[in-house]
Amino acid sequence: MAEQENELYEHETKPDIDFLKNDFDRCRHNLSYYLDLAEEARDIRRNVWVGKSKTGRKEDPNAFPWQGASDLEPNLVTPLIDGDIALLKSAVNRGNLIASPVESNDITTSAIVTQFMRWRLGTMEELPREVGVAANYLLEQGFCFLGVHFRREVTRVLKPITLQEITALSPDIGSAITDDDMKEGILEVFQNAFPNLSKKRINKMYRELKTKGETEIPQEKVVTNRPTIRAYELGRDLIIDSNILDLQSARAIYTVNYYTPEELRAKVGTDGFDQNFVDEVIENTTGDYDHKYEGYSEAVMSGEHEAPDHYDGLVRLISCYRKEIDEDGISVCTYTCFSEQAEGYAKTYTISVDAGKYPFVAITREHLSRRLLDSRGYPEMLRSYQQAVKSCMDGRKDRESLSTCPPVEFRLGAKVERIGAGSQIPVRRRGDVGYMEIPPQSPASMEVEMQIRQLADKLTGRPTSEADAVEANLIRQSMVNNFLQGFSQVLSKMWALDRAYNSEVWFRVTQNARGQNIIMDEMASTYDFNLTFNSMNNDEEKVVKKLEMIGKIMGQFDRQGVSRFDQYLRIFIDAIDPNLSDQLLIPQQEASTKEILETSNDIAKISSGQVVNAPQQGINPQLRLQVLQQYMQGTEQIPAEDVQQRLQQDEKFAQRMETYMKQLQFQIQQQENARTGALGTPAGNVPASVAV
């Protein structure tokens with residue numbers, strides 16, 4: 001293994017823990033500048049500064065302009081960040097997800113993969129929280145990191161079993177249980193069948209079977225088996241080199257994780273952690289470490305105004321993801337879990353999923369340079385603006401305080417004891433006591449503050465007038481695209497994990513109560529996952545106007561009949577309320593079947609002597625007329641000769657059928673008249689030629 005930073009790190013079965021510890025310290029030390037920026041941004045966002053009190057006044061005797069002067073919170077940055085966090089969460093939740101095939105062979109499977117990934121996002125209960133945390137880091141610090149891991153949780157359930165059931169499965173074992181001479185052999189069989197059970201539990205099972213004829217057998221039940229995501233904060237949760245250009249080009253990525261002793265012991269069985277290592281770190285390192293890093297403090301984030309982080313009773317472990325070179329000269333990614341205060345490691349292996357790439361995605365708010373950490377957050381951009389707003393607010397509040405209770409003038413030696421309503425002040429002559437003249441208030445203070453807030457809005461993509469509305473939308477749309485592009489990489493890693501660890505998954509499909517199975521072997525391909533969202537879609541009024549215009553265009557210019565009005569109707573309803581479309585609309589095949597059944601029922605009523613009127617709204621008159629004609633004509637194998645004979649002989653029956661048909665034909669004619677009104681003349685049967 002390499003012992004110097006600039007040497008090649010070669011892959012070996014046993015990792016060099018001392019090297020990893022030194023490299024971890026080096027990366028952590030190099031992040032001190034960015035961690036100071038992050039702490040400053042956190043203070044700006046939370047309105048924290050030196051000497052701030054809970055009263056909103058300056059308590060320091062040397063405070064400017066006087067002790068007790070105004071010390072208000074400007075709150076310029078916080079609403080901007082909160083608004084854009086809501087926008088980014090909405091973009092992920094309501095974005096249009098498409099799995100685009102990489103090869104032509106995958107075209108037929110891309111639709112089912114798209115449905116599966118939409119369902120997968122809905123099964124991740126941590127998704128709203130982690131997306132919100134990532135968006136917060138992105139806007140506050142300028143960048144965020146998302147880790148994609150596979151989560152498998154197994155619980156143990158007890159299943160009752162009787163001696164008769166065991167005998168039916170294996171007569172030899174069933175008879176041996178009742179034989180005292182075979183006790184040792186049966187206990188050994190049980191121990192081999194349940195290697196994770198204690199001898200005490202094995203003996204109890206044997207006694208219960210022998211005395212009661214029944215016992216409970218522990219079985220493992222998988223409760224969670226899916227990908228999961230987590231947002232990481234630079235410096236606290238995730239440590240990298242400070243000068244990298246791309247996350248995948250980093251030499252190593254370190255994550256800091258805290259576990260309870262119970263969680264660590266469980267990982268011995270579920271994740272394969274080394275038992276001796278776990279026992280050592282629990283005994284020697286639980287809650288025993290220095291919180292403070294150089295240039296950064298985990299214990300106290302922002303002085304007295306932030307709640308400290310307490311890790312008493314927890315064990316801190318470092319997970320190292322590192323790019324190495326194997327014996328064939330191929331770059332691989334390895335995982336090693338170790339402790340800074342213990343020898344050895346908990347677990348190490350080579351990551352084979354996703355072509356050995358890091359299971360992390362970095363998203364930056366802007367691209368000022370090729371360096372990953374050069375991106376800025378809102379607090380860094382708007383620091384001076386927030387200070388200026390605070391000055392305006394404090395100035396007006398102090399001016400109001402002076403107006404309410406201005407300084408008092410009096411002759412030397414005649415100090416006034418009490419000033420206020422109803423007070424009695426003895427004077428020799430008028431004018432001995434009086435209020436000092438205060439400077440006139442500038443009316444520009446409020447205007448200046450509003451202009452500063454408008455500049456902040458403009459910088460963050462909020463329209464301040466009709467003139468910059470387009471530019472503002474481009475700025476916000478660029479931010480949304482940036483975030484969704486990074487989240488598309490998260491989807492690709494989720495798909496790689498599902499494909500690697502799940503052979504078959506049943507998932508629910510919209511408007512399909514039975515759901516659908518996806519076989520990963522048949523879908524073992526790579527897809528480009530695209531997640532898109534128009535930032536204007538949050539404005540319901542504008543969306544409805546846009547859809548109305550699209551509907552007019554489709555109705556007037558669709559010469560080839562390619563418009564999908566069923567999808568258009570669903571999108572229109574979703575724009576108003578996404579929860580209503582599934583309740584109000586039915587699938588096209590189900591709708592056609594419904595039309596055919598209703599028409600058949602109407603025909604049966606007409607045949608029985610009832611005069612039936614055709615429905616006037618929400619029907620397909622062409623399809624109903626087609627069903628009626630098929631009833632009258634029959635098929636080649638079974639011609640409707642009896643129907644034709646009855647139409648000729650039964651005049652009333654023929655009149656009822658003719659009435660129903662004319663009503664349907666009238667509705668079809670009304671549709672044609674609407675098209676004629678749009679064209680100005682009756683429509684032809686051949687589309688017009690259009691030069692391209």
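Let's start at helix 19, which spans residues 621–633 and is where Arg624 sits. This is a predicted model, and in it Arg624 comes out at 1% relative accessibility, so this arginine counts as buried. Leaving aside residues up to four places away in sequence, Arg624 touches Glu595, Glu598, Thr599, Asp602, Pro615, Ile619, Tyr660 and Leu664.

**Helix 12 against helix 13**

Two packed helices are described by the angle between their axes and the distance between the axes. Here the pair is helix 12 (residues 378–404) and helix 13 (residues 444–459), which pack at an angle of about 160° with their axes 9 Å apart. Angles over 145 degrees count as roughly antiparallel, and that is why helix 12 is described as roughly antiparallel to helix 13. As for handedness, helix 12 and helix 13 make a left-handed crossing.

Which residues make the contact? On the helix 12 side they are Met381, Leu382, Tyr385, Ala388, Val389, Cys392, Met393 and Arg396. Helix 13 brings in Ser445, Met446, Val448, Glu449, Ile452, Arg453, Leu455, Ala456 and Leu459. Sorted by type, the residues of this contact come to 13 nonpolar, 1 polar and 3 charged.

Arg453 has a relative accessible area of 21%, so it is partly exposed. Between Arg453 and Val389 there are 7.8 Å in space, C-alpha to C-alpha, although the two are 64 residues apart in sequence. With residues up to four places away in sequence not counted, Arg453 touches Val389 and Met393, along with Pro74, Asn75 and Leu76.

**The loop between helix 2 and helix 3**

One of those partners, Asn75, is found in the loop between helix 2 and helix 3. Asn47 has its place in that loop too, and so does Pro65, with helix 2 covering 32–45 and helix 3 covering 77–94. If you're checking backbone geometry, Phe64 and Pro65 are joined by a cis peptide bond, with omega about 0°. Neither asparagine is a glycine, yet Asn47 has a positive phi, as has Asn75. Here they are side by side:

| Residue | Phi | Relative accessible area | Class |
|---|---|---|---|
| Asn47 | about 55° | 3% | buried |
| Asn75 | about 50° | 34% | partly exposed |

Finally, helix 10 covers residues 261–270, and its buried residues are Pro261, Leu264 and Lys267. Why do they line one face of the helix? Looking down the axis of helix 10, the buried residues fall within an arc of 115°, so they share one face.

What do the buried residues of helix 10 pack against? Their partners are strand 5 (252–259), helix 11 (275–285) and strand 8 (315–325). Just after helix 10 comes Gly272, with a positive phi of about 75°.

Definitions and conventions
Residues are numbered from 1 along each chain as its sequence is written. This is a predicted model: local features need pLDDT of at least 70, side-chain atom pairs count only at pLDDT 80 or more; totals for chains, interfaces and linings use all residues. Side-chain values use heavy atoms; hydrogens and water are left out. Axes are lines fitted to C-alpha atoms, for helices over the stretch in contact, and angles run from 0 to 180 degrees between N-to-C directions. Helices (H or I, at least four residues) and strands (E, at least two) are DSSP runs, numbered from the N terminus. Angles under 35 degrees count as roughly parallel, over 145 as roughly antiparallel, 65 to 115 as roughly perpendicular and the rest as oblique. A crossing is left-handed if the near helix is turned anticlockwise from the far one by less than a right angle, and right-handed if clockwise. Contact means heavy atoms within 4.5 Å. Ala, Val, Leu, Ile, Met, Phe, Trp, Tyr, Cys and Pro count as nonpolar, Asp, Glu, Lys and Arg as charged, and the others, Gly among them, as polar. Buried means under 20% relative accessible area, exposed over 50%, partly exposed in between (1.4 Å probe, protein chains only). The arc is that of the directions from the helix axis to the C-beta atoms.
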